[in-house]
Amino acid sequence: MAQKENSLTDIKEIVKLSYLYDFYGPLLKERHREIFEAYVLNDLSLGEIASEYGITRQGVYDIVKRCSGRLKEYEDKLQLFERFQSAKERLGRVEQLVGTIETGTEEEKKEILELTREIYEIL
């Protein structure tokens, strides 16, 4: 499968595309979402997907590449994932700092930690 040897075999690229898909997947056409999920998230082969959808392996590959490009374009314009990552990093730092605070009651520290957990869930 020479076509799968492109950037889609790089684990970092797959993880990034998975995150971008979480944010922007609903903006893709339903059929394209299904094919993208099958290939990137479920790790099915081009041949398996092509057989299931009645298209060629090249057709599957083209859809996956097109979807990957669109997801990256959406992120370039909207930067939702980048903001999410930034907020997540800052919340992690808040958690670290709470552990080092000398003043304040244990109840206040617990409240701060609970608030950061709630923000994580919102993100």
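Select valine 15 to begin: this residue is partly exposed, with a relative accessible area of 39%, where partly exposed covers the range between buried, under 20% relative accessible area, and exposed, over 50%, with a 1.4 Å probe and protein chains only. The model is predicted, so that local features need pLDDT of at least 70 and side-chain atom pairs count only at pLDDT 80 or more, whereas totals for chains, interfaces and linings use all residues. Residues are numbered from 1 along each chain as its sequence is written, and side-chain values use heavy atoms, with hydrogens and water left out.

Valine 15 lies in helix α1, helices being DSSP runs of H or I with at least four residues, numbered from the N terminus.

The largest nonpolar core has 22 residues, of which Ile35, Phe36, Tyr39, Ile49, Val60, Val64 and Leu71 touch the most other members. Helices α1 (11-24), α2 (30-41), α3 (46-53), α4 (57-78) and α5 (80-100) each supply at least two residues of this core, and the largest share, 6 residues, comes from α4. A nonpolar core is a set of buried Ala, Val, Leu, Ile, Met, Phe, Trp, Tyr and Cys residues joined through side-chain atoms within 4.5 Å.

Then move to tyrosine 39 in helix α2, which counts as buried because its relative accessibility is 2%. Tyrosine 120 is 81 residues from tyrosine 39 in sequence and 29 Å from it in space, C-alpha to C-alpha.

Glutamate 48, in helix α3, is partly exposed at 44% relative accessible area, and its C-alpha is 9.2 Å from that of alanine 38, 10 residues away in sequence.

Finish at lysine 109 in helix α6 (residues 106-122). Lysine 109 is buried, with a relative accessible area of 15%, and touches Val98, Ile101, Thr103 and Gly104, again not counting residues up to four places away in sequence.

Technical notes. Contact = heavy atoms within 4.5 Å.
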